[in-house]
Amino acid sequence: MVLVVTPGCDQFPSLGSVENYTLTINDEQCLLLSETVWGALRGLETFSQLIWRSPEGTFYVNKTDIEDFPRFPHRGLLLDTSRHYLPLASILDTLDVMAYNKFNVFHWHLVDDSSFPYESFTFPDLTKKGSYNPATHIYTAQDVKEVIEYARLRGIRVLAEFDTPGHTLSWGPGVPGLLTPCYSGSHPSGTFGPVNPILNNTYEFMSTFFLEISTVFPDFYLHLGGDEVDFTCWKSNPDIQAFMKKKGFGDDFKKLESFYIQTLLDIVSAYGKGYVVWQEVFDNKVKVRPDTIIQVWREEIPVKYVKEMALVTRAGFRALLSAPWYLNHITYGPDWKEIYLVEPLAFEGSPEQKALVIGGEACMWGEYVDSTNLVPRLWPRAGAVAERLWSNKMVSNLDFAFKRLSHFRCELLRRGVQAQPLSVGYCDMEFEQT
Amino acid sequence: MEQRGLGMLRLSGLLAALGMLVVQAALGMQRERTTPLSYWRDLNLWPLPLSVKTTPRLLYLSPGNFFFGHSPTSKAGPSCAVLQEAFRRYYDYIFGFYKWPLGSDKVPSAMELQKLEVSVIMNPQCDSFPNITSDESYNLLVKGPVAKLTANRVWGVLRGLETFSQLIYQDSYGTFIANESNIVDSPRFPHRGILIDTSRHFLPVKTILKTLDAMAFNKFNVLHWHIVDDQSFPYQSITFPELSNKGSYSLSHVYTPNDVRTVIEYARLRGIRILPEFDSPGHTASWGKGQKDVLTPCYHAREPSGTFGPINPILNSTYSFLSQLFKEISAVFPDEFIHLGGDEVNFGCWESNLAVQHFMRNKGFGKKIEKLESFYMQRVLDMISAMNKRSIVWQEVYDDEGKLTQGTVVQIWKMGNLRMKLSNITAAGFPVIISAPWYLDVISYGQDWRHYYSVEPLNFEGTREQKQLVIGGEACLWGEYVDATNLTPRLWPRASAVGERLWSPPEVTDLDDAYRRLTRHRCRMVKRGIAAQPLFTGYCDHEGRM
């Protein structure tokens with residue numbers, strides 16, 4: 001019996017969504033009570049995990065009293081569909097398993113240097129010229145709609161990232177003049193760099209493009225990237241040098257980067273969107289609005305990530321932690337343990353500061369990942385992040401976690417998820433290849 | 001999120017291509033045992049054959065008008081199951097994904113490739129099992145309208161069919177094309193293996209069969225089946241059924257005699273030997289569940305502690321048990337070799353046991369517990385010899401002062417003092433299999449295939465005779481963190497790097513060329529249903545068939 005207090009069935013989940021629920025199972029009742037439909041979804045998942053079968057095959061559930069709500073409101077997973085194209089089925093399957101783990105944000109790093117699979121209707125050449133194969137390696141408008149709705153039905157927000165001004169090589173072929181031509185001495189070298197920040201055309205393009213993105217993706221937040229901008233190309237370009245002089249930026253290209261991002265942020269704000277950016281935007285002192293969310297991803301530069309969390313929150317910004325959760329960084333052995341033991345609030349700061357940490361994201365960058373190895377690489381390791389972001393801070397005993405996570409892994413197998421083993425052992429139902 | 005210069009990769013590729021063209025012209029389009037020039041856009045062979053000569057002349061294949069056939073003078077014919085099955089398989093690998101109807105363009109017959117005629121020169125060995133001396137050499141002459149594949153034995157034909165299938169590609173119209181070529185090929189090392197571990201995690205038979213398929217695509221010819229270990233005993237023994245009844249993870253986590261037969265025959269049809277390993281005296285905890293008194297009871301002070309250690313080497317019952325078990329294993333597994341293990345023996349337990357101490361004194365071993373290990377291993381080695389089989393052991397058996405039977409093969413897995421070990425063991429006259437640099441279960445971030453590829457097996461001090469004792473190597477995929485969910489992407493294409501190192505000539509070392517060929521080979525494996533993971537950023541035409 002499910003009782004939801006506040007209607008909202010046809011809405012999209014948001015950062016402020018209330019995911020609380022209580023589950024009461026006894027002789028009198030079997031009641032799932034929640035504030036919102038999102039809480040009900042969380043409760044249903046928990047309920048499904050309470051059911052067990054005896055050796056004879058009978059289903060049972062124990063008398064239970066559960067009161068539950070997440071520790072952090074933003075519990076995300078990043079997928080990179082640019083370095084390798086991921087078929088739509090892979091994305092939808094991932095959303096399913098995210099729901100099993102109570103993840104509630106799908107951070108879709110759609111495009112990057114390598115390819116541009118997002119089918120833009122305002123600039124169709126972006127996809128035609130930038131995708132690996134415009135017939136087969138793209139996400140049509142319909143695909144995107146499907147992902148958003150599939151996610152919504154699981155209480156998962158889709159946070160789309162269109163990373164600029166760096167990581168944009170694939171945008172170049174479809175929008176001539178968008179990227180900065182690099183120079184070798186006094187002549188163009190033939191290669192291109194980040195988005196060209198000195199041209200009006202650039203901002204006209206961004207205006208139109210992000211109007212499209214703002215309408216396609218319903219979440220309040222867009223991720224605007226802003227990471228790893230390589231200044232060498234900008235430096236080499238004489239027009240940019242002239243611009244720098246004119247603006248009085250001197251030799252400080254961070255100021256140019258700042259100039260670009262600020263303009264972009266204003267454009268996006270005008271469309272009624274909030275934004276998340278990578279930490280460089282903060283590190284390079286770009287002037288951003290106070291409600292910007294900063295995603296901390298670098299382990300040691302410019303400072304250890306723990307210190308970075310302190311700096312970001314001290315400056316009054318909300319923070320997302322990803323640095324210790326780069327799941328694409330594989331190593332031999334049970335690395336889920338280190339992942340699990342990360343304490344997001346283990347930095348020096350006031351309670352107000354700590355309240356600014358709204359959560360974190362496990363990242364699965366795509367350089368070495370595609371549909372052949374995505375699922376075993378993601379699960380059950382990402383589950384360790386999921387518990388760290390949902391459960392109470394005190395829940396940190398590795399033995400207890402191992403017991404539950406290895407059991408959960410077998411349950412994932414039973415649900416058809418190709419989750420890899422945590423250590424030696426077996427599941428009653430092993431994975432069978434089709 | 002490393003910034004990878006997309007431009008950089010393209011540039012070096014361009015330079016390489018330019019370089020190729022220059023050298024190509026200079027050599028008059030011949031290359032034999034020189035730096036591989038896979039400059040033709042779609043020439044993507046893996047592993048690279050001993051000698052490849054190609055011309056720009058294109059031959060067209062039509063799925064409705066192409067056949068594999070036996071030459072009238074071949075010593076093998078349609079009764080040879082190995083070849084008939086292979087013809088069917090390779091037709092499917094080449095044309096199976098063909099979707100569009102036949103084009104109506106008539107191609108002049110000299111330009112069409114209508115048949116691959118297979119000719120086996122010597123006694124084909126069609127109904128035999130492959131072994132360490134099997135001849136895998138072949139000649140492949142690709143010209144229109146009939147190409148010729150010649151080999152001494154069926155094993156060479158299998159290798160040649162794989163190469164032939166790799167020569168065929170489709171242009172943007174979907175037309176099947178092959179370049180006129182002349183290939184002479186044979187492997188550098190005769191033992192090219194993959195180790196799988198079905199004790200730490202049970203591997204369903206389907207997974208093992210898929211692995212055999214992938215091995216054939218990479219010209220691997222030995223599946224080293226580390227079938228039992230501490231954690232579980234999935235091998236269902238007819239003589240000792242309690243071993244798996246009590247020692248397997250569950251009754252559904254077993255390999256029945258039928259399963260084993262299926263694996264052996266599936267392998268045979270691909271020219272792959274099944275090398276079973278029943279590791280002892282260590283790594284045997286699971287044996288004790290179903291066989292009373294076979295393990296040594298460990299002692300604490302002068303009392304049994306309740307725990308058990310390696311196999312008990314002092315009891316006659318042990319040897320009578322082993323003799324019966326290995327008699328069965330000898331019969332079940334047709335290969336000439338059996339792997340006896342012998343690694344990582346925990347001496348502590350033996351040393352603690354009072355009866356063992358007594359035995360050691362009687363035998364005059366003193367305090368040298370290694371002598372007891374040696375005593376045990378020697379008895380098992382003798383058992384195997386008496387069954388007319390040969391043994392392979394892990395290096396500890398030699399290291400811990402083994403006086404090994406002549407002809408025992410030593411498998412080297414420890415990285416420490418690798419070069420010195422290779423010198424010493426071959427100097428002592430024992431054949432050697434190298435695995436140390438190829439532990440594929442030890443994963444790390446990035447393109448580790450490059451490290452595997454760059455290993456040079458004969459890089460140690462020794463005479464030519466010594467170097468000849470290196471019979472090959474094995475890529476090992478231990479099972480602590482591996483089961484059916486992640487085995488295939490973890491094995492492939494990383495193991496492919498080892499495959500080329502063991503098959504191709506030592507001069508084939510260019511990493512850029514290897515990268516180019518291996519990425520295409522990887523896409524080919526994906527197309528053939530092997531979930532081989534990516535080497536790096538990029539894409540395959542056929543994505544997401546997983």
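These legends accompany close-up views of a predicted model.

**View 1. The contact between chain B and chain A.** Chain B brings 48 residues to the contact, and chain A brings 48 residues. About 4400 Å² is buried between chain B and chain A. Carbon and sulfur atoms give 56% of that area.

**View 2. Polar links and salt bridges across the interface.** Between chain B and chain A, 23 residue pairs are in polar contact, with both residues at pLDDT 80 or more. The rule finds 2 salt bridges across this interface. One of the salt bridges joins the side chains of A:Arg409 and B:Asp483. Its N to O distance is 2.8 Å.

**View 3. The side of chain B that touches chain A.** Three helices of chain B, α4 (205–217), α16 (487–491) and α18 (511–527), each supply at least two residues of this side. By residue class, the side of chain B that touches chain A divides into 20 nonpolar, 16 polar and 12 charged residues.

View 4. An unreviewed UniProt entry places the feature "active site" at A:Glu228. In chain A, A:Glu228 sits in the loop between β12 (221–225) and α6 (231–236). The relative accessible area of A:Glu228 is 17%, so the residue counts as buried, the cut-off being under 20%.

**View 5. The side-chain pair A:Glu228 and A:His167.** The side chain of A:Glu228 makes a polar contact with the side chain of A:His167. The distance is 2.7 Å.

Note on methods: Residues are numbered from 1 along each chain as its sequence is written. Chains are lettered from A and ligands numbered from 1 in the order in which they are written. This is a predicted model: local features need pLDDT of at least 70, side-chain atom pairs count only at pLDDT 80 or more; totals for chains, interfaces and linings use all residues. Side-chain values use heavy atoms; hydrogens and water are left out. Contact means heavy atoms within 4.5 Å. Buried area is the accessible area (1.4 Å probe) that two parts lose on being put together, summed over both. A salt bridge is a side-chain nitrogen of Lys or Arg within 4 Å of a carboxyl oxygen of Asp or Glu. A polar contact is a pair of N or O atoms within 3.5 Å; within protein, one must be able to donate a hydrogen and the other to accept it, and residues adjacent in sequence count only if both atoms are side-chain atoms. Helices (H or I, at least four residues) and strands (E, at least two) are DSSP runs, numbered from the N terminus. Ala, Val, Leu, Ile, Met, Phe, Trp, Tyr, Cys and Pro count as nonpolar, Asp, Glu, Lys and Arg as charged, and the others, Gly among them, as polar. UniProt positions are given in the numbering used here, feature names are shortened, and annotations may be inferred rather than shown by experiment. Buried means under 20% relative accessible area, exposed over 50%, partly exposed in between (1.4 Å probe, protein chains only).
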